Amino acid sequence: MRTDLCDLLGIEHPIVGFSPSEHVVAAISRAGGLGVLGCVRFNDPDELEAVLTWLDEETGGKPYGVDVVMPGREPAEGPVADLNQLIPSGHRDFVEQALLRLGVPPLGSASDRPGVLGWLHSVARSHVEVALRHPVRLIANALGPPPPDVIEQAHAHGLLVAALAGRADHARSHVAGGVDIVVAQGYEAGGHTGEIAGMVLIPEIVDAVDVPVLAAGGIGSGRQIAAALALGARGVWMGSVWLGTSEYRSAPALRDALLQATSSDTVRSRIYSGKPARLLRNRWTEAWSTEDAPAALPMPLQNLLVSGAHDRLMASGDPTVVPMPVGQIVGRMNEVRPVAEVLTDLVTEADETLARLHKLL
Ligand SMILES: Cc1cc2nc3c(=O)[nH]c(=O)nc-3n(C[C@H](O)[C@H](O)[C@H](O)COP(=O)(O)O)c2cc1C
């Protein structure tokens, strides 16, 4: 299985893998796909600089990409202390009470992590600046097209620019703004996602734009890759599946929760970031759907509100409360395997499927 995406990106298989983990990203690129590092978690650009330097080594000259988050509607900016002032005390009380009810103990020592700031344009711009100092092949943006000057800068450095889209009109405006590749992200996907299912969305976007489209959302097997190609995509963009690989190095509670979850165990909710994102459904997400739960706050305040709780939920070691974005494909994530093995199986099954379909002619 090869498409023109392989030549465009300099990769062997038309499989792009998003991960917040540099270990996963390096393994995907080494195995012939394009690993794309999620940068949103890097509040400190120096930390990203160190990770990209590591990736330059570990990818052994194979291409890789980065993903930043610059929402089309810019979140409020300001020092963390000022942003924290905007969080109503009723929300803080609710979080504390919910943790108490869930039996989640306080941390041994207070966390000094303020929360995710990577979706502030100022912080995301620092990610772009760092990325441009490295041999990055592609820069992707979630939640809208990157600002025009970022696209220009990326192009001037010879990078391709991708953007995620959950609607055909969004895809059209991304391309009008200069985006080179559209990632059509269906409702099934993990993380921020829209309301249209991939089966409907992918051909709609393929027909709406004249640039390569990658299919995203719910892809976890070679049959699904073949289906995405049949819908007109030139390749796939996968996120959730890599959470189940050995390179992801997840805490045991998270690993157990992912392995046990079925495709019914996700929910699309604003409680992670303030914007709708598909998450693992569990006692923590259920706590937010009770009658006394407040509405989620806008980005970036919601994550500042829950980031301390996220640390406590993770540290609790309880698989029934871990806060985690994941898509419906989690139902098929039933064993932990190395990235290279997952990728080989994807390619083999996609090849077999394409051959089987060919015989129908
Ligand atoms: C844990 C996790 C974190 C994610 N974070 C981001 C992100 O920071 N930026 C982004 O563009 N997409 C993010 N996504 C979405 C992925 O890039 C990808 O579009 C999505 O996972 C595809 O659907 P799938 O989960 O069904 O494979 C995230 C997905 C997951 C599972």
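Two strands are taken to pair if DSSP finds at least two bridges between them. In this predicted model, strand S4, spanning residues 138–142, and strand S5, spanning residues 160–165, meet that condition, with 4 bridges in the parallel sense. Within this pair, alanine 140 has alanine 162 of S5 as its bridge partner.

The pairing of S4 with S5 belongs to a closed arrangement: 8 strands form a barrel in the order S1-S2-S3-S4-S5-S6-S8-S9. The pairing in the barrel is parallel, and from one strand to the next the twist averages 25 degrees.

The ligand is surrounded by 17 residues, of which the closest are Asp67, Gln185, Gly218, Gly239 and Ser240. By residue class, the shell around the ligand comprises 10 nonpolar, 6 polar and 1 charged. Two of the strands that contribute to this shell are S3 (64–69) and S9 (235–238), each of which supplies at least two residues.

For serine 240, a polar side-chain atom lies 2.5 Å from a ligand oxygen atom. Aspartate 67 likewise places a polar side-chain atom 2.7 Å from an oxygen atom of the ligand.

Terms used:
Residues are numbered from 1 along each chain as its sequence is written. This is a predicted model: local features need pLDDT of at least 70, side-chain atom pairs count only at pLDDT 80 or more; totals for chains, interfaces and linings use all residues. Side-chain values use heavy atoms; hydrogens and water are left out. A residue is near a molecule or strand if one of its heavy atoms lies within 4 Å of it. A polar contact is a pair of N or O atoms within 3.5 Å; within protein, one must be able to donate a hydrogen and the other to accept it, and residues adjacent in sequence count only if both atoms are side-chain atoms. Ala, Val, Leu, Ile, Met, Phe, Trp, Tyr, Cys and Pro count as nonpolar, Asp, Glu, Lys and Arg as charged, and the others, Gly among them, as polar. Axes are lines fitted to C-alpha atoms, for helices over the stretch in contact, and angles run from 0 to 180 degrees between N-to-C directions.
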